[in-house]
Amino acid sequence: MMLTRLLLATMILLSAAATTPLRAAPAPPVHFDWFEYAGRDVAFETPLPPGHYRNPILAGFHADPSITSANGRFYLVNSSFTYFPGIPVFESVDLVHWKQIGNVIDRPTQLDFDGLSVSRGIFAPAISYHDGLFHVVTTAVDSGGNFIATASDPAGPWSDPHWLPGVQGIDPSLFFDDDGRVYLLNNDVPPGLPRYEGHRAIWMQQIDMDNYAPMGPRKVLIDGGVEPAKNPIWIEGPHLYKREGWYYLSDAEGGTGPQHSQVVLRSRDVWGPYVPYAGNPILTQRDLPEDRPLPITNAGHADLVEGPDGSWWAVFLASRNYAKRHYNTGRETYLLPVRWRDGWPVILPANQTIPYALKAPSWMQGDASQAPFTGNFVDRDEFDAPTLRSGWLRVRVPKQPWADLREHPGALTVHPLAEDLDTLRNPAFLGRRQQHLRFEASTAMSRPAAGVAAGLAAFQSEAYWYFLGVRRLGADRVTVFLEGRDGGGVTRLLATRDVFASASLRLKITGDEARYAFAFDSGDGHGWRTLAGEVDGTVLSTDRAGGFVGALLGPFARDERALRSK
């Protein structure tokens, strides 16, 4: 009886093995020897006078800045949406020269963004420091809601999210009052039904920070905006400050597009009522001529900080446009001094343009070079470090380690995945921010194996991108091709050429505002050859693609074996 059962079990196992498909072996990797990015914007060509700094302080997609000071230094965070690692943390001693020291979201176990469009995920983090501990409070849109993360060292490690399940809305921030009470502010729907599209309110509630639990009544501080009769839209990004006995509530209004602005109100009591400043908005660019040279637009979402000399400064987002409305570099981080007038903070008087260069904080030391975060520069990554540089981003959280710097020392090894750039999961794409309207991005890579397409991508979202790829034909012949998506839901083949290629070849993407070009050097002695020139760069602009991010550039590898077998 026992022998019969063993024979029966063996037959079942053998039958299951015969009908279960074998898992395909991983696709052969592609090696990228280096990646170089060079920017040459007209706005950055003018030399800086001594003691001046350049705006933006963080060029390229660095939206929704929030800032705090601690231990003689400044710390700044930005929105990261569905990119990983998420919520970059920057450090500076002078508000001008910044260094990324870590990320709040740096472990795949902390959050999951699968299934989300690029511009969902992490919205508007706010950083604060109190009693030896750093706090970042933010919203994981469509992926968990509002949470707080903490760290004793801003470089990390940061805690896993402390979720706030009872807190709805977006753009939370914390305010630590002198009496020990802590308050949570955020944007949410108004009481009752919204009167119009974009009608929102700023709410506040006390919070128990020992248990990360809101407590007591929740109250509306602003309903609609500073002029409710005009139906203002998208009051958001609240920050509360205390100065000389006054509580100052500063918020963004008008949406993150051309009507964006910053407003301020004040009260003698933390619960209000809050009275708007008669000179609002304290920052905007919406009233300036569209045809002004080198326009900076979309200014708002500011956060204020006090310097060691008693001066106040504001960081905020804005965009550099071309052709009036397009901007591929996304929403960037800017810095301006704050002037106190009759007890009110003013960032920029009405009808003044945001300057590209201005006098630096009094305590700034060293030269005025702010590369590689702003200005014109060449940035080359030889992939010779043990870990990836902090500027490289993945689209959503990786489920497996497909990028490696140890397997082939001195090169980036990318293991191709089946996911294409249109996926709502994680493709094998590493991107760095496009920081200039005029730029070149290039790389040297190994010839891909059969069944693999690899090269350089210019990526705005899963629905708007270009891929300059190489596909092996056999022996030493390859196809160099350009694919793209422009929001129509279909990937189009835009150009292709069959050439002889050596074991290593080079690829290059150049951009000049709305004009992009894609070139290759196959190593056959012909040098650089253009595959496609005068390609529509507005496909990569935020205003056309929608959402809140800027374009990324970098290596991409795709496993095409399943496609070829169909």
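**View 1. Lining of the largest pocket in the predicted model.** β8 (121-130) contributes 5 residues to the lining of the largest pocket, the most of any element. This is a predicted model, in which local features need pLDDT of at least 70 and side-chain atom pairs count only at pLDDT 80 or more, while totals for chains, interfaces and linings use all residues. Residues are numbered from 1 along each chain as its sequence is written, and side-chain values use heavy atoms, with hydrogens and water left out. The largest pocket holds about 580 Å³ of space. It has 22 lining residues, and Thr68, Ser128, Leu240, Tyr241 and Leu304 are the closest to its centre. Two or more lining residues come from each of β3 (66-70), β8 (121-130), β12 (170-176), β16 (236-243) and β21 (296-306). By class the lining has 12 nonpolar, 7 polar and 3 charged residues. Here Ala, Val, Leu, Ile, Met, Phe, Trp, Tyr, Cys and Pro count as nonpolar, Asp, Glu, Lys and Arg as charged, and the others, Gly among them, as polar. On a 1 Å grid over the protein atoms alone, a pocket is an open set of points with protein on both sides within 12 Å along at least five of seven lines, a cavity is a set where a 1.4 Å probe fits but cannot get out, and lining residues have an atom within 4 Å of a point. Grid points are joined across faces, edges and corners, and a volume is the space filled by probe spheres set on the points.

**View 2. Lining of the largest cavity.** The count comes to 4 cavities of 30 Å³ or more. About 40 Å³ of space lies in the largest cavity. Its lining includes Arg320, Tyr322, His326, Tyr327, Asn328 and Thr329. Gln434, His436, Leu437, Glu513 and Tyr516 also line this cavity. By class, 4 of the lining residues are nonpolar, 5 polar and 2 charged.

View 3. The bond from Gly156 to Pro157 is cis, with omega near 5°. Pro157 is in the loop between β10 (145-151) and β11 (162-163). A cis bond also runs from Asn280 to Pro281, with omega near 0°. Pro281 sits in the loop between β19 (275-276) and β20 (283-284). Helices (H or I, at least four residues) and strands (E, at least two) are DSSP runs, numbered from the N terminus.

**View 4. Asp142, a residue with positive phi.** Asp142 is not a glycine, yet its phi is positive, near 60°. Asp142 belongs to the loop between β9 (133-141) and β10. This residue is exposed, with a relative accessible area of 54%. Buried means under 20% relative accessible area, exposed over 50%, and partly exposed in between (1.4 Å probe, protein chains only).

**View 5. Ala323, a residue with positive phi.** The phi of Ala323 is about 50°, a positive value although the residue is not a glycine. Ala323 is in the loop between β22 (312-320) and β23 (332-341). Ala323 is exposed, at a relative accessible area of 56%.

**View 6. The chain around these sites.** The chain has 3 helices and 39 strands. Of its 566 residues, 58% count as buried. Among contacts (heavy atoms within 4.5 Å) between residues at least 6 apart in sequence, 59% join residues at least 24 apart. The C-alpha trace spans about 80 × 75 × 45 Å along its principal axes.
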